Amino acid sequence: MGIVYEDAVVIKEAQTVGSPTEVTVNCPDKTGLGCDLCRIILLFGLSICRGDFQTDGKWCYIVFWVVGNPTTNWSLLKKRLLEVCPSHLSTSGLDYYQHVIDQPKSADVFLLKFWCHYDGQDFLHDVTGVLRALELTIKRVKVSTAPDGKVMDLFYITDTRELLHTKERQQDTISHLSRVLGNSLINCEIELAGPVVTSCSQGLSVLQSAISEDMFMLELPNKQPNGLLASYPVSVKVDNSLSPAHTVIQIMCRDHKGLIYDTMRTLKDYNIQVSYGRFTVNKGNCELELFIMQQADKKKIIDPSKQAALCSRLRMELARPLRVRVISRGPDTELLVSNPVELSGRGRPLVFHDVTLALKDLNICTFSVEIWRHVYYDREWEVYRILLDESRGNPWAPNKIEDCVRNKLMGWN
C-alpha cells in the first residue's frame, strides 16, 4: 500500500433519509480499480444506484451514489477505499519506491474453533454477523453436529485489521461471540492455521456430474428451470463506431446486489481498462455504458471472436452471478451455492452471510456446512454445501428454499 492523499476519497453523507450518499474517488488509475472499489462497497452492504467515472489511463475520477445500510461506518468505509487506491508515487516517477511499498502480502489465516450446545436454535447467521462487524473474513467453514447434539464450528478467517495475532484482538472476538451464543457456548479458541489449510483450494468431495454441469457451466442455458432468464434477459451490445479509440459496451438488465461489481470483476479478469463509464438504476432496471480498451495494447476490441466471448461472459456473469440448487438425498435436503472466484483469488463478499440469513428467515436450521474452493472448467469456484435440518416445523419445498436463498443473494426481497 503506497502513500495516498487523505482527500483521495471524499464521502458526502445523505442529508435526508432514503437519499443516496455520494462517494468520490480521485486518485491514480490502475486496471481493476473499479472492481476493487465496488467490492468494498458491496462488502459494507451498500448498493450503487448511480455511477460516473473517467480516466486518462494515469489518473481517474469516480463518483458512486450508494444506498442501503443505515448503520454504515462511513469513516471505516473511507479507510478501506483508500487502502485500494494506488499511491500518488505511481505518477511521480519514483517507480522503485512505489514498487517496494505497494507489494501486496498474503494475510495470515486463523482457525476459530468453538463447540456449542444445539438447543433448537441456529446461531450460524448471528456468528457470521459478528465476524462481519469485526472485519474478519471467512475463508472456509466446517460445521458438523455430533450424535450427542453438540455442534463443532471451524471457521478459517483472516483479519482485515491484521491484529488477530494479538491476545487483545482474540479476546475481543471471543467476547463478542460469547454475547451472541450465550449459555450455548461450551468453549472457544483462536489459533494460527497451519500451511495445509491456508490453501483454501483443497479437495471438495466430487459432486454428481449432472449437478456439476448445471452449477458450473460457463455458457447460458436457453432457459433455466425457474424461467429466470426468460423473465429477466440481459442485453449486452458492442459498438466500435461511437469512439475512435474505444469499444463501447452497452448493458441493460435487471438490477441485483453487486451488479456493478460483477461487471467490473469480469472486465478486470479480461484485463480490460474502462476509460469512461456511467450507469444508472431506475425502477429496478440498470443501464450501463462503458468505453473500454484492451490493457495490453491500449486499443479497442476489433476481433469479432473476442467481442463475442466478452459479451457472452458478461451476459452469463450478470444473469447468473451465483448458482443455487436444492437437492433431496432421501431423507436429507442439501443446499448448494457456488460463485466464481476472481482471478486475484478473492471470493464474492457476503455470500455466506446472505445464505444463512435466508435460512434464518425460513426458520431452517443447518446440520452441517462446508465451504471450499474447487476448480471446474479451468476456473476456480467457491462452493457452499449445507445439509439442512428440517426436523422441526413444516419442511419447505425445494423450489421455495431456492427462491428464498437466490432472492436474498440477489437483493430482490
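**Cavities and salt bridges in a predicted model**

The largest cavity has a lining of 22 residues, and those nearest its centre are Asp29, Leu33, Gly34, Met264 and Val274. The model is predicted. About 210 Å³ of space lies in this cavity. Five elements each supply at least two residues of its lining: helix H1 (33–43), strand E3 (47–55), strand E4 (59–67), helix H9 (259–269) and strand E11 (272–282). The lining divides into 13 nonpolar, 6 polar and 3 charged residues.

Across the whole structure, the search finds 4 cavities of 30 Å³ or more. Strand E5 (110–117), helix H4 (124–133) and strand E7 (150–159) each supply at least two lining residues here. E5 gives the most, with 3 residues. By class, this lining has 9 nonpolar, 3 polar and 2 charged residues.

Now turn to the charged side chains. The count of salt bridges comes to 25. One of them joins Asp36 and Arg346, at 2.6 Å from N to O. Asp36 sits in helix H1, while Arg346 lies in the loop between strand E14 (332–340) and helix H11 (351–361), so this pair links parts of the chain 310 residues apart. Asp36 is buried, because its relative accessible area of 6% falls under the 20% cut-off. Arg346 has a relative accessible area of 28% and is partly exposed.

Helix H1 has a further link to that loop. Arg39 forms a salt bridge with Glu342, and their closest N and O atoms are 3.7 Å apart. Arg39 lies in H1 and Glu342 in the loop between E14 and H11, so the pair ties together parts 303 residues apart in sequence. Are these two partners buried or exposed? Arg39 counts as buried at 15% relative accessibility. Glu342 is buried too, with a relative accessible area of 3%. Both pairs belong to a network of salt bridges that links Lys30, Asp36, Arg39, Lys268, Glu342 and Arg346.

The side chains of Glu189 and Lys113 meet at 3.8 Å, N to O. Glu189 is in strand E8 (residues 185–192) and Lys113 is in E5, 76 residues apart. Glu189 counts as partly exposed at 36% relative accessibility. Lys113, at 27%, also counts as partly exposed.

How values were computed: Residues are numbered from 1 along each chain as its sequence is written. This is a predicted model: local features need pLDDT of at least 70, side-chain atom pairs count only at pLDDT 80 or more; totals for chains, interfaces and linings use all residues. Side-chain values use heavy atoms; hydrogens and water are left out. On a 1 Å grid over the protein atoms alone, a cavity is a set of points where a 1.4 Å probe fits but cannot get out, and a pocket is an open set with protein on both sides within 12 Å along at least five of seven lines; lining residues have an atom within 4 Å of a point. Grid points are joined across faces, edges and corners, and a volume is the space filled by probe spheres set on the points. Helices (H or I, at least four residues) and strands (E, at least two) are DSSP runs, numbered from the N terminus. Ala, Val, Leu, Ile, Met, Phe, Trp, Tyr, Cys and Pro count as nonpolar, Asp, Glu, Lys and Arg as charged, and the others, Gly among them, as polar. A salt bridge is a side-chain nitrogen of Lys or Arg within 4 Å of a carboxyl oxygen of Asp or Glu. Buried means under 20% relative accessible area, exposed over 50%, partly exposed in between (1.4 Å probe, protein chains only).
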